[in-house]
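Here is a short briefing to read alongside the model.

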Amino acid sequence: GGADMPVVIALLNSYSGLAASAAGFIILNNVLIVAGALVGASGLILTGIMCKAMNRSLANVLFGGLQAAVSAAGADQQVQGEPHPISPQDAYFILEAARSVVFVPGYGMAVAQAQHGVRELGDILENNGAEVRYAIHPVAGRMPGHMNVLLAEANVLYEQLAEMDDVNPIMDAVDVCVVIGANDVVNPAAREIASSPIYGMPVINADRAKTVLVLKRSMAAGFAGVDNPLFVKQNTRMLFGDAKASLQQLISEFKES
């Protein structure tokens with residue numbers, strides 16, 4: 001599945017380093033041997049870190065797709081409830097009153113190229129007196145560090161980026177958690193539904209914030225193919241539409257006020 005792609009990319013990168021190191025032995029080039037070994041070792045270390053972040057073994061990532069698909073059918077049946085759509089105007093009132101906001105970016109933010117809108121809205125919220133953080137899951141996006149690179153491109157301060165283990169303990173005190181195109185990495189099924197194929201995977205506990213604002217095109221499942229109970233929880237509001245357009249609407253609401 002697509003959720004495994006960052007792990008596969010890291011593994012293939014390590015293979016390229018091992019191949020370069022082997023070529024160095026053949027042509028007796030010490031620089032190539034050392035450089036290839038460094039690339040290979042770092043790729044393998046990163047692969048291990050990301051597998052741990054998903055609570056899965058490398059063998060399960062590479063060969064467990066069929067079993068996960070079968071398990072997903074049973075997990076989806078346990079998700080019940082109706083989503084609570086919200087308009088940009090109502091979302092503005094929620095954000096305007098918030099004193100602490102955590103943004104959780106995902107692959108949907110990258111597809112919509114909404115990182116600049118995220119940063120602009122974050123700056124507006126800070127000027128409005130809110131404390132703003134950006135929570136980054138280790139396997140969010142399509143490659144290692146995908147979200148970090150996009151936010152850095154938008155000039156988000158490094159000090160505002162928070163790792164999953166740092167933000168989860170304080171999520172209960174967060175007024176609004178804004179989920180932008182993320183799905184599996186904020187799926188509470190990983191904690192609550194034992195039959196889910198992602199059960200046991202460490203996730204960002206977005207559902208524990210006082211209010212969750214999800215920017216998403218539809219109710220479609222994420223890369224893992226598992227429905228997300230977060231979208232139907234009582235404290236969740238769904239702002240449907242293109243993430244970039246939705247953010248621009250929110251920014252306009254602030255500017256007009």
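Ala209 touches Met171, Val174, Cys177 and Asn235, leaving aside residues up to four places away in sequence; contact means heavy atoms within 4.5 Å. This is a predicted model, in which local features need pLDDT of at least 70, side-chain atom pairs count only at pLDDT 80 or more, and totals for chains, interfaces and linings use all residues. Residues are numbered from 1 along each chain as its sequence is written, and side-chain values use heavy atoms, with hydrogens and water left out.

**Around Ala209**

- Ala209 is found in the loop between helix H10 (189-192) and strand E5 (211-216); helices (H or I, at least four residues) and strands (E, at least two) are DSSP runs numbered from the N terminus.
- With a relative accessible area of 3%, Ala209 is buried (buried is under 20% relative accessible area, exposed over 50% and partly exposed in between, using a 1.4 Å probe and protein chains only).
- Ala194 is 15 residues from Ala209 in sequence, and their C-alpha atoms are 23 Å apart in space.

**Aromatic pairs**

- Three aromatic pairs turn up in a search of the whole structure; rings of Phe, Tyr and Trp (its six-membered ring) pair if their centres lie within 6.5 Å, and planes under 30 degrees apart count as stacked, over 60 as edge-to-face and the rest as tilted.
- Tyr92 and Phe93 make a tilted pair, because their ring centres are 5.2 Å apart and their planes stand at 55°.
- Tyr92 is buried at 9% relative accessible area, whereas Phe93 is exposed at 53%.
- Phe103 and Tyr134 form a stacked pair, 5.3 Å centre to centre with 15° between the planes.
- Phe103 lies in strand E1 (residues 100-105) and Tyr134 in strand E2 (residues 131-136), so this pair ties together parts that are 31 residues apart in sequence.
- Phe103 and Tyr134 are both buried.
- One aromatic cluster is formed by Tyr92, Phe93 and Phe254.

**Helix H11 and its partners**

- H7 and helix H11 (residues 243-256) have axes that come within 9 Å and cross at roughly 25°; axes are lines fitted to C-alpha atoms, for helices over the stretch in contact, with angles running from 0 to 180 degrees between N-to-C directions.
- That angle makes H7 roughly parallel to H11 (under 35 degrees is roughly parallel, over 145 roughly antiparallel, 65 to 115 roughly perpendicular and the rest oblique).
- The crossing of H7 and H11 is left-handed, a term for a near helix turned anticlockwise from the far one by less than a right angle, with right-handed used if clockwise.
- From H7, Gly117, Val118, Glu120, Leu121, Ile124 and Leu125 meet Leu247, Gln248, Leu250, Ile251, Phe254 and Lys255 of H11.
- The H7 contact with H11 divides into eight nonpolar, two polar and two charged residues (Ala, Val, Leu, Ile, Met, Phe, Trp, Tyr, Cys and Pro count as nonpolar, Asp, Glu, Lys and Arg as charged, and the others, Gly among them, as polar).
- Helix H5 (residues 88-96) packs with H11 at an angle of about 65°, their axes 9 Å apart, in a right-handed crossing.
- Pro88, Gln89, Ala91, Tyr92, Leu95 and Glu96 in H5 meet Gln249, Leu250, Glu253 and Phe254 in H11.
- That H5 contact with H11 has six nonpolar, two polar and two charged residues.

**Positive phi outside glycine**

- Gln113 has a positive phi near 55°, sits in the loop between helix H6 (107-112) and helix H7 (115-127), and is exposed at 53% relative accessible area.
- Asn155 has a positive phi near 65°, lies in the loop between helix H8 (146-153) and strand E3 (161-163), and counts as exposed at 60% relative accessibility.
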